[in-house]
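Hi,

Here is the structure I promised to pass along. Have a look at it first, and then read my notes below.

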Amino acid sequence: MNNYTEVFNARTLPYVPTYDEILKKIQNRYRKLKVKGKGWRSRKRLELERIELVYNILLSEINKVIDDAIDMNKLHPFYRELIKLLINHNEYERCINELKRSRKLLRRFFIRYRSLVKEKRINLEEVKEEERKRLIFRYLTEIKKIRREAIGRMLSTVKRKRKCLEIIKKSYIALRNIPSINADAPSIIVAGMPQVGKSTLVSKISSAKPEVAPYPFTTKSIIIGHIRIEKPYETLIQVIDTPGLLDRPLSERNKIELQAILALRHLRGIIIYLIDTSINRYYSFREQINVLKEILDAFRDKEIIVALNKIDEATQRDIDEALKQVIEIGIPRDKIFLISALHGYNVKTLLDVVLNKLLTCKC
Ligand code: GDP
C-alpha cells in the first residue's frame with residue numbers, strides 16, 4: 001500500500017489574495033508608518049521601514065500561496081486524477097513556479113535597495129547651518145528616490161503576476177467540489193441504480209452520521225458513512241453511497257464524467273452492487289444488470305459483491321431469475337447475497353464477508 005504524505009482536503013485550500021487586495025493591505029499599513037523622533041536619521045529610518053514593510057507584506061502573501069500549493073507528486077492518485085479534470089494543472093504549476101521566481105526577485109530588490117539606503121552617506125562635518133540644511137534636504141530627497149524606486153519595482157514584480165494569482169484562485173474555487181474522502185482508508189462503495197436501496201443500506205451499516213460531500217461533474221452529492229471496527233486492529237472504514245455516479249450506464253456518460261467516476265478506481269475498497277428484486281422495482285433486471293456489467297468492465301481490478309435487495313417484497317421466481325442473470329455474467333454464487341436492507345435481513349452476513357475481504361485483500 002502506498003502512503004501518500006498529503007491528504008487532500010478541499011476545505012483547507014488557502015485563500016489567494018488578488019493583487020489589489022495585497023496593494024490595499026500595503027497602503028493601509030503604509031499610511032500608519034510615522035517618523036519616530038527628530039532629525040534626518042529618523043527620516044532615513046522611516047524610508048527604510050517603508051521599504052521593509054512593502055517587502056514583508058509582499059513576501060508573506062506570496063509565501064502563503066507558495067507554501068500551501070498543491071504538490072501533485074505527493075497526492076493520492078484518486079485526488080490527482082480529479083484535480084487534473086477540474087483545473088488546467090500545467091497552468092497552475094507554471095503560476096506557482098512564476099511566483100517562486102518573483103519571490104527571488106523581490107528578495108534581490110529588497111537587499112539591493114536596503115543597502116543603497118543604508119550605505120548612502122552624508123558628510124556634515126564643518127558645514128555651516130545654511131549649507132547643512134541644504135545638504136540634508138538633498139540627501140533625504142535622494143533616499144526618497146531610492147525608496148520610491150524600490151517600492152515601485154517590488155510592487156510591479158508582484159503586479160506582473162496578478163494573472164497568475166487569479167489563475168490559482170480560480171483553481172481553488174474549482175477544487176472545492178472534491179470530496180473529502182480518505183483515499184487511503186478501506187472503503188465500501190455502494191452502487192446500483194436509483195431507488196434500489198443504496199442509502200438505506202449505507203445508513204444501516206454505518207455508525208456515525210453520514211457526511212454529505214459534493215463530487216465533481218455530478219449534480220447529486222455522495223454520502224460518506226463510517227464503520228469503526230476494533231479487531232484485529234482498530235480501523236475506520238468508509239461507506240460511500242454514490243448516487244449520480246455508479247447508478248446508470250457508464251456508456252451514457254461524457255468523457256469527463258466518466259473519468260471522474262473512474263477516479264473511484266484508486267480508492268482502496270470493494271464495491272457492493274445492489275439490485276432491486278421487488279415486484280415494484282423501477283428498473284428491470286436487464287437494465288440493472290447492464291449497469292453492473294459496465295461497472296465490472298470499468299472496475300476490473302476491484303472486487304464486486306452483488307446484493308439482491310428488497311427480497312421481502314420479491315417473489316421467489318424473481319429472486320431466482322435475478323440470481324440466474326447475475327451468475328450468467330460471471331459473478332460467482334458466493335459473491336451474491338440475498339438481503340433486505342430495510343429490514344436488516346442478511347445485512348450482517350453481507351457486512352461480515354465484505355469487512356473480512358476488505359481487511360485481507362490488496363484492493
Ligand atoms: P437509493 O436511491 O438507491 O439510495 O434508494 P433508497 O435507499 O432511498 O431506497 C428507495 C426506497 O426503497 C425507499 O423507500 C426505501 O425505504 C426502500 N427500500 C430500501 N431497501 C428496502 C428493502 O430491503 N425492502 C423494501 N421493501 N424496501 C426497501
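Let's start with Glu 303, which is buried at a relative accessible area of 19% (buried means under 20% relative accessible area, exposed over 50%, partly exposed in between, with a 1.4 Å probe and protein chains only). Before I go on, the ground rules: this is a predicted model, where local features need pLDDT of at least 70, side-chain atom pairs count only at pLDDT 80 or more, and totals for chains, interfaces and linings use all residues. Residues are numbered from 1 along each chain as its sequence is written, and side-chain values use heavy atoms, with hydrogens and water left out.

**Salt bridges**

Which residue does Glu 303 pair with in a salt bridge? The partner is Lys 357, at 3.2 Å from N to O; a salt bridge here is a side-chain nitrogen of Lys or Arg within 4 Å of a carboxyl oxygen of Asp or Glu. This pair links distant parts of the chain, with Glu 303 in strand β6 (residues 303-309) and Lys 357 in helix α11 (residues 347-360), 54 residues apart. As for those element names, helices (H or I, at least four residues) and strands (E, at least two) are DSSP runs, numbered from the N terminus. Lys 357 is partly exposed, with a relative accessible area of 23%.

Another one runs between Lys 36 and Glu 49, whose closest N and O atoms are 3.1 Å apart. That pair also links distant parts of the chain: Lys 36 sits in the loop between α1 (19-32) and α2 (40-67), Glu 49 is in helix α2, and they are 13 residues apart. Lys 36 counts as exposed at 53% relative accessibility, while Glu 49 counts as partly exposed at 22%.

Then there is Glu 166 with Lys 163, bridged at 3.8 Å, N to O. Because they are 3 residues apart in helix α6 (residues 162-175), about one helical turn separates them. Glu 166 is partly exposed at 34% relative accessibility, and Lys 163 is exposed at 56%.

**Helix packing**

α6 also turns up in a helix pair: the axes of α1 and α6 come within 9 Å and cross at roughly 115 degrees. That makes α1 roughly perpendicular to α6. For the angle classes, under 35 degrees counts as roughly parallel, over 145 as roughly antiparallel, 65 to 115 as roughly perpendicular and the rest as oblique. Axes are lines fitted to C-alpha atoms, for helices over the stretch in contact, and angles run from 0 to 180 degrees between N-to-C directions. On the α1 side the contact is made by Tyr 19, Asp 20, Glu 21 and Ile 22, and on the α6 side by Arg 162, Leu 165 and Lys 169 (contact means heavy atoms within 4.5 Å).

How do the axes of α9 and α10 cross? Helix α9 (residues 285-298) and helix α10 (residues 316-328) have axes that come within 11 Å and cross at roughly 30 degrees. So α9 is roughly parallel to α10. Phe 285, Arg 286, Ile 289 and Leu 292 in α9 meet Asp 318, Glu 321, Ala 322, Gln 325 and Val 326 in α10.

One of these, Asp 318, counts as buried at 17% relative accessibility. Not counting residues up to four places away in sequence, Asp 318 touches Thr 277, Ile 279, Arg 281 and Phe 285.

**A few single residues**

Ile 222, in strand β3 (residues 222-229), counts as buried at 1% relative accessibility. Leaving aside neighbours within four places in sequence, Ile 222 has contacts including Pro 179, Ile 181, Tyr 215, Ile 240 and Leu 245.

Lys 310 has phi near 60 degrees, a positive value in a residue other than glycine; Lys 310 is in the loop between β6 and α10 and is partly exposed at 24%. Asn 346 is not a glycine either, yet has a positive phi of about 65 degrees. Asn 346 lies in the loop between β7 (336-338) and α11, and is partly exposed at 25%.

Cheers
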